[in-house]
Structure formats: structure tokens, C-alpha cells
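Below is a set of questions and answers on one protein model. Please look at the sequence and the structure first.

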Amino acid sequence: VQLQASGGGLVQPGGSLRLSCAASGSIFSINVMGWYRQAPGKQRELVATITGAGRTTYAASVKGRFTISRDNARSTVYLQMNGLKPEDTAVYYCSADLRSRPHSTYNDYWGQGALVTVSS
């Protein structure tokens, strides 16, 4: 199983970016998908999660500015980021809680990270 993230880059404060993360390989079902981020010198923190049914949670710092969504048919999760601030600068990691076979356990998988830099 692989998670491939894309869409990071440099953006000015107030700008927008959209991150994508596609899961591929032996996948039977995906439970929760999410985005985390790690800023320089800080611990990794939760940004947003979404269940297979579409229920979402957000960190307080991004609520109202970021939107998480997913395409179950494509095993892909998105993060639309609007109103970006310099403090949003971080490496963003996607995650998926999935199982590869019908009766196997769910395990967490992580993408390689996408760098988002918010600077003028």
C-alpha cells in the first residue's frame, strides 16, 4: 500500500492551495483518512480527518479555512486550504486507516509529506 501526496508549494499569505493524497495497492476498505502537519521544531499535529461516511473533524486553528474531502472510488483524500497564514507553514502528511483483505485488521499508512510554505 502506498499513499502519494501532491499539491504543496509556496503561496502568499491569504492564498489557497489544494493537497491531494491517493492510496494505491492492495486495499479492501478505508476507514478514516486524514491530514497532519509538522512545522520546523514542532511535533506533528492533527489538521483534519474524514470518515468513509463523510464525517469530518478539524483542528481549531484551521476550522473555517480548511476543508477536507474524499473520493472513495479513487481512494483519495483532499485538503482545500484557504486564507493561508505563515503559521500554516509545515510539511503536510496524509494518513489512511485501511485494511488490505476482508478479514484483516485495520492499519495506519502514511504518505511521504508535502511541503507548504506560506510567505510573502
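Q: Is Ala 48 buried or exposed?
A: The model is predicted: local features need pLDDT of at least 70, side-chain atom pairs count only at pLDDT 80 or more, and totals for chains, interfaces and linings use all residues. Residues are numbered from 1 along each chain as its sequence is written, and side-chain values use heavy atoms, with hydrogens and water left out. Buried means under 20% relative accessible area, exposed over 50%, and partly exposed in between (1.4 Å probe, protein chains only). Ala 48 has a relative accessible area of 0%, so the residue is buried.

Q: Which residues is Ala 48 in contact with, leaving aside its neighbours within four places in sequence?
A: Contact means heavy atoms within 4.5 Å. Ala 48 is found in strand β5, where strands (E, at least two residues) and helices (H or I, at least four) are DSSP runs numbered from the N terminus. With neighbours within four places set aside, the partners of Ala 48 are Met 33, Gly 34, Trp 35, Thr 57, Tyr 58, Ile 68 and Leu 79.

Q: How many helices and strands does the protein chain have?
A: Read along the sequence, the elements follow the pattern β-β-β-β-β-β-β-β-β-β-β. The count for the protein chain is therefore 0 helices and 11 strands.

Q: What radius of gyration does the protein chain have, against the value for a compact globule?
A: The radius is taken over C-alpha atoms, and the globule rule is 2.2 Å times the number of residues to the power 0.38. With 120 residues, the rule gives a value near 14 Å. The protein chain agrees with this, at 14 Å.

Q: Which cysteines does a disulfide join?
A: A disulfide is a pair of cysteine sulfur atoms within 2.5 Å. By this rule the count comes to 1 disulfide. The S to S distance is 2.0 Å, and the pair is Cys 21 and Cys 94.

Q: How many residues apart are Cys 21 and Cys 94?
A: The pair links distant parts of the chain. Cys 21 is in strand β3 (residues 17–24) and Cys 94 in strand β9 (residues 90–99). Both cysteines are buried.

Q: What is the hand of the link of Cys 21 and Cys 94?
A: The angle about the S-S bond is 55 degrees. With that angle, the link of Cys 21 and Cys 94 is right-handed.

Q: Why does Cys 21 count as buried?
A: The limit for a buried residue is under 20% relative accessible area. Cys 21 is in contact with residues including Leu 3, Trp 35, Val 77 and Cys 94. Cys 21 counts as buried because its relative accessible area is 0%.

Q: What is the phi of Ser 75?
A: Most residues other than glycine have a negative phi. Ser 75 is in the loop between β7 (66–71) and β8 (76–81). Although Ser 75 is not a glycine, its phi is positive, at about 50 degrees.

Q: Which residues does Ser 75 touch, not counting those up to four places away in sequence?
A: Ser 75 is buried, with a relative accessible area of 15%. Beyond four places in sequence, Ser 75 touches Cys 21, Ala 22, Ala 23, Ile 30 and Met 33.

Q: What relative accessible area does Gly 52 have?
A: Gly 52 lies in the loop between β5 (45–50) and β6 (56–58). Not counting residues up to four places away, Gly 52 touches Asn 31, Arg 70 and Asn 72. Gly 52 is partly exposed, with a relative accessible area of 35%.

Q: What relative accessibility does Arg 37 have?
A: Arg 37 lies in strand β4 (residues 29–38). Its contacts include Glu 45, Phe 66, Glu 87, Asp 88 and Tyr 92. Arg 37 counts as buried, at a relative accessibility of 6%.

Q: What percentage of the residues in the protein chain is buried?
A: The protein chain has 120 residues. Among them, the buried residues make up 42%.
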